[in-house]
Every structure is written in C-alpha cells, then in structure tokens.
Amino acid sequence: MKNIPWWINEVVYQIYPKSFKDSNGDGIGDLQGIIEKLDYLQELGITMIWLSPCFRSPMVDNGYDISDYRAIAPEFGSMEDMDELIREAGERGIKIMLDLVINHSSDEHRWFIKAKTEPAYREYYHFLEGDKEPNNWRSIFGGSVWEKVPGKDEYYYHTFHRKQPDLNWDSPSLRREIIDMVRWWLDKGIAGFRVDAITFLKKEDFSRNGIPDGVDGRVDVGSFGRDVEGIGDYLSQLRKEGFSYRPCLTVAEAYGVKEENRKNYIGDEGYFDLMFDFEPTELDFEDTWLHPRNWTIREWGQQLMKVQMETQPYGFCANFLENHDQPRAASKYLRGNAHNPEAVKTLGAMYFFMRGLPFLYQGQELGLVNFRREKIEEFDDLSSYDLWERGLEEGMDPDRILAMLNLRSRDHGRTPFPWNNDRYGGFSQVRPWLAMTREYPEANAEAQKKDPESILSFYREMIAFRQKGKWKDCFLLGSIAPLESPNEVIAYSREYGNIRLYCWFNLSDKPVEETIPGDFSGEGKKEEDEGNPEIWHTGPWPRISGEKVFLAPWQSLILRR
Ligand code: NOJ
Ligand code: CA
C-alpha cells in the first residue's frame, strides 16, 4: 500500500448488544450496559468497538432486519444513549464501528410498506410478477428466495429470511438513500462500518435455474448470487460518496469473492479497507453444518496463510477466530482441548500476530466454549431452525441433527456475557433472553481479572505487547511468510526493516521440534539463557539448541533473529 493507513493501530472488539450487558433488568443487553463496561474494554486494550446492529428492528434476525436505519431499537436504548456511548467511548480512546446491513431491510421498513402501493418505492426492492416462484434458488435461512405477495400474482426476493427483503441497488434513488444515511452516521462521530452480506448486493439473472443440491429441489443462493459482475459499480459509488466523506474504517463481510476479484475489494483502490475471508472458517463442514468434514490443523494453517499471502501485495486482512455467526473458537478448533487454558492462549496468539487487523469477539477473551442443548426448542437461531427442518427432510436422525447444531449453531457465540458468578452471570437481574453456557461460575470476567494466569490476563498482555511492545512496527507493518512445519504447528515469519521474527504456535498436545531457518543468536545472550530478550513465549521457557527449537504442548514462541 502506498501510505500507512490511519487504522493500522486499531484492535477491534465485536459486541453483540443483545448479549453483552443488561442495564435495566429486562434480560436483554443494551447500550447503557455497554457504557457500564467501557472501562473493562479500555483495560483490555482494544481501540474500536464493532457494534452488531442496534437499529430499530422487529428482531427476527436479532437486528440484521432493520426497519429504521436512523433510529435505535427501543430494547437497546435511545439515540441519546448512542450519542453518550460514542462520547464516553471516545474519552477512553475507543471508536465505534457500526454494522451496515444494506443488502436487505426488514419488511417492516417504511420503504417496503410503501413499495406495495407507491411505484417510487417499488423499485427499492425486487418484485416479479408471475404465478409461480421465478426460480429454484434456496434462501440462506431455508425455503425459496421468493415470497408471494398476498392477494397478488407477484413475488419479492429475499436472500435471507422472508422478513428480510433484498434492496434493489439498481435503483439510483435507493443508492442515494443509503449513501445519505452513511454520511449521517459519520457526522455523528462513527469511525467505521462492518458491511453485512455485501457480496450479495448485485443480483444474478433471475431467470437462471440451478441444478438442485438438496432433496427440496432447490439450489443454494450462495452458488449464484455472490460477487456478481457489475457489483463493483455500486460498491465504488458507496466508497466514493459514502465512506470517503470522512475518515472511517470499513470492513466487508465478503463471502464468496472470486479469487481474481479479491484485489478490487481492498487496498488503495479497493471498495473497502479490509475484508473477512471465510474460507478457512468453514473448513469444518461440507455444504451445510449437517455434513461435517474432517480437517487438520495443518490444513487450517495452510488456508490461513494462503489468505495472508494473497492479500499481502495490495492490502491487509481482517483476522478473526469468532463472531456472532460462529461457534466458540476454543470448542471448534481445539475440540477435546477446549478447556485447556494454555491451548486457548496459543490459539489466540496464532492469529493475533499475523499480518492484518485483529478482531476479537466478546467472550473470546475468556476462552468461552460452546454449550450443549438437548432440544431444538432451546435454540434461538434462524439457521439452526432451518437446518433442523432440512435434516428431518433428508431423513437424518434427530439426535444426529442436534449433535451437529451443538457444534455449529449461531447461538454459541450469542450466549449472554458472564461478568461474574452471580445468578445469570451478572449479565442481568432476570433470566436472560437466551440461556447462558453452563460453566459461567468458573469462566467469568471478574474471576479471570484477578488471576494473572487467566486467559483474560493473557489477552490483555498480548494486546499490549502487539500494540506497544518493542516489535510493534514489525507486527503492525511487517511482511509475512509461511514457515514449513512437519507438526500440528502453525508457523510464519514476520519482517520489517532489520527485525525478523519467527513465530511458532504448537496447536497439539505433543512436544515438537522445529527448525529455525538460519542461525539464531540473541543479542549478547546465549539462546538457552532464560530471560533472553529476543524471545516471547507462552508456557515454560522454550529450549533452543543450535538450529532447533523444542516446543512444549500448546506452546507459542516468537523469536527474533
Ligand atoms: C450476516 C450476519 O453476520 C448474520 O448474522 C445475518 O443473519 C446475515 N448476514 C443477514 O443479515
Ligand atoms: Ca436491557
């Protein structure tokens, strides 16, 4: 990149407002709850909050179905609360990034309501006349992408739920509305946007049917509707007239960008500053969560490094392990070792020192794990409901479906944040909207804050070391290259000026031997010497001998050459 971007120093923490902190005893997290916990976030060392949607919404998809882009959902608070949050966060050096859900609105948005009668608004959505569904595409939350308009021979299009009709970006007036709204929020002091489901913005030719990929005779909309030619015109306009209005950090939820198009999305000339790449995130299942896939740490490491290497020539990655759509990273990536704090720390360090901006999801810093639910009624997630139905349709055993949901449901990341070991984890005075994970009495912020060996303390130290330590420039700006390892170790080097760092993360329960490419000699100190300043590690002091390093199970090691 030509210039060093202003946002390179940021560490982003994602908050799912419904589940972070309830301030008024209704069992639902809210903006005042977030304000209460700003000191906690400041102490952790993060510099930006990505707030999942907190706009007015019927909450069919917990706020990803917006009915007013310029109003706060009453269950989360008021616009005054939002202004206070922006101000109070700012006083602590924390910026606010909003979630921009502009592929679709709620069907309760006034535009959609008016669209039924006023032609000017009708063009804001995709309506097609006819007496049957125009094609066989399956929506992300199940069933057809087409919903019949009651009493008419007419359908409207929805990539997600039927209560999330897709906006029609071919309409210049719609684009104007969205751009004006972006500018309005920037004027209020917002410092960035995470942009939802953005690769769906431009629609594929609706007359194309696909070869069915399920017993329902439909085909996943994802195999048609993403990164369609022409999308760049709309995204360029959004950047030019919206995002460029004031300095802001934009990060795209960019499922399914074609390899040759990646460089259009980010970098100096890109539509966005950063993008999330989901290929490595989805290596644990085939077409749906119902069909799990065997995978190895080596394979995962190779995929992560592939994204890094592809991105490096023109931009930076948004690095993450968790978000509100993902299971808990400890459970997913460490499987049987999810409860081993040393394993959880190394998992965190592995992605944190890669090139790019680290994103952290609420509760990840405590090493939270997945829950186990016994019945489908205990879930509260559109995707889980849909896959339950589809599994039954496929003739799967209900226990097997439940087992899959217990691995993958989006609810795992959405359980209320455990602040202490009071009833309901100090999240609320009353039973929360979604059941907590069972183990909050042990895994909570208050307990971990007091323990210098806890995962929380580790994250705090790691963030400080990355952002302010002696190798800061190398972590923030240095190049990256993969290191070969024969083990279940993810390894890479980082280089900046005369600093070269070798980084190994042993994601196995076995001691391993790794080779240092070239000689290692710490400044004036012998490599075996404890306290050598050229080493950062977790676990016991690592043994280094000649060109070999020996890592204990689950150990991280960074060594300067
Ligand atoms: C992606 C969001 O992360 C997810 O939570 C949501 O359901 C869909 N987009 C639809 O907005
Ligand atoms: Ca509340």
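Me: In which loop does tyrosine 424 lie?
Reply: Helices (H or I, at least four residues) and strands (E, at least two) are DSSP runs, numbered from the N terminus. Tyrosine 424 has a positive phi of about 55° although it is not a glycine. Its place is the loop between helix 13 (398-408) and helix 14 (445-450).

Me: What kind of model is this?
Reply: Residues are numbered from 1 along each chain as its sequence is written, chains are lettered from A and ligands numbered from 1 in the order in which they are written, and side-chain values use heavy atoms, with hydrogens and water left out. Local features need pLDDT of at least 70 and side-chain atom pairs count only at pLDDT 80 or more, while totals for chains, interfaces and linings use all residues, since this is a predicted model.

Me: Is tyrosine 424 buried or exposed?
Reply: Buried means under 20% relative accessible area, exposed over 50%, and partly exposed in between (1.4 Å probe, protein chains only). Tyrosine 424 has 13% relative accessibility, so this residue counts as buried.

Me: What is the phi of methionine 59?
Reply: Methionine 59 sits in the loop between strand 3 (55-56) and strand 4 (68-72). Its relative accessible area is 13%, so methionine 59 is buried. Although methionine 59 is not a glycine, its phi is positive, at about 65°.

Me: Which residues coordinate the calcium ion (ligand 2)?
Reply: Donors are N, O and S atoms within 2.8 Å of the metal (3.2 Å for Na, K and Ca), and sites may look incomplete because water is not among the atoms. Along the chain, the donors of this ion follow the spacing D-x1-N-x1-D-x1-I-x1-D. Aspartate 22 has a relative accessible area of 3%, so that residue is buried. At 2.2 to 2.4 Å, the ion is coordinated by Asp22 (OD), Asn24 (OD1), Asp26 (OD), Ile28 (O) and Asp30 (OD).

Me: At what angle do helix 6 and helix 7 cross?
Reply: Axes are lines fitted to C-alpha atoms, for helices over the stretch in contact, and angles run from 0 to 180 degrees between N-to-C directions. The axes of helix 6 (residues 172-187) and helix 7 (residues 231-242) come within 9 Å and cross at roughly 35°.

Me: Which residues of helix 7 make this contact?
Reply: Contact means heavy atoms within 4.5 Å. Helix 6 brings Arg175, Arg176, Ile178, Ile179, Val182, Arg183 and Leu186, and helix 7 brings Tyr234, Gln237, Leu238, Glu241 and Gly242.

Me: How far apart are the C-alpha centres of domain 2 and domain 3?
Reply: Domain bounds come from an automatic or database domain assignment. The protein chain is divided into domain 1 (8-103 + 171-379 + 411-462), domain 2 (110-157) and domain 3 (480-560). Between the C-alpha centres of domain 2 and domain 3 the distance is 57 Å.

Me: Which residues does proline 482 touch, beyond four places away in sequence?
Reply: Proline 482 belongs to strand 16 (residues 479-482). Its relative accessibility is 45%, so proline 482 counts as partly exposed. Not counting residues up to four places away in sequence, proline 482 touches Met305, Met309, Ala491 and Tyr492.

Me: How far apart in space are tyrosine 492 and tyrosine 502, C-alpha to C-alpha?
Reply: Tyrosine 492 is part of strand 17 (residues 489-496). With a relative accessible area of 0%, tyrosine 492 is buried. Tyrosine 492 and tyrosine 502 are ten residues apart in sequence, and their C-alpha to C-alpha distance is 6.2 Å.
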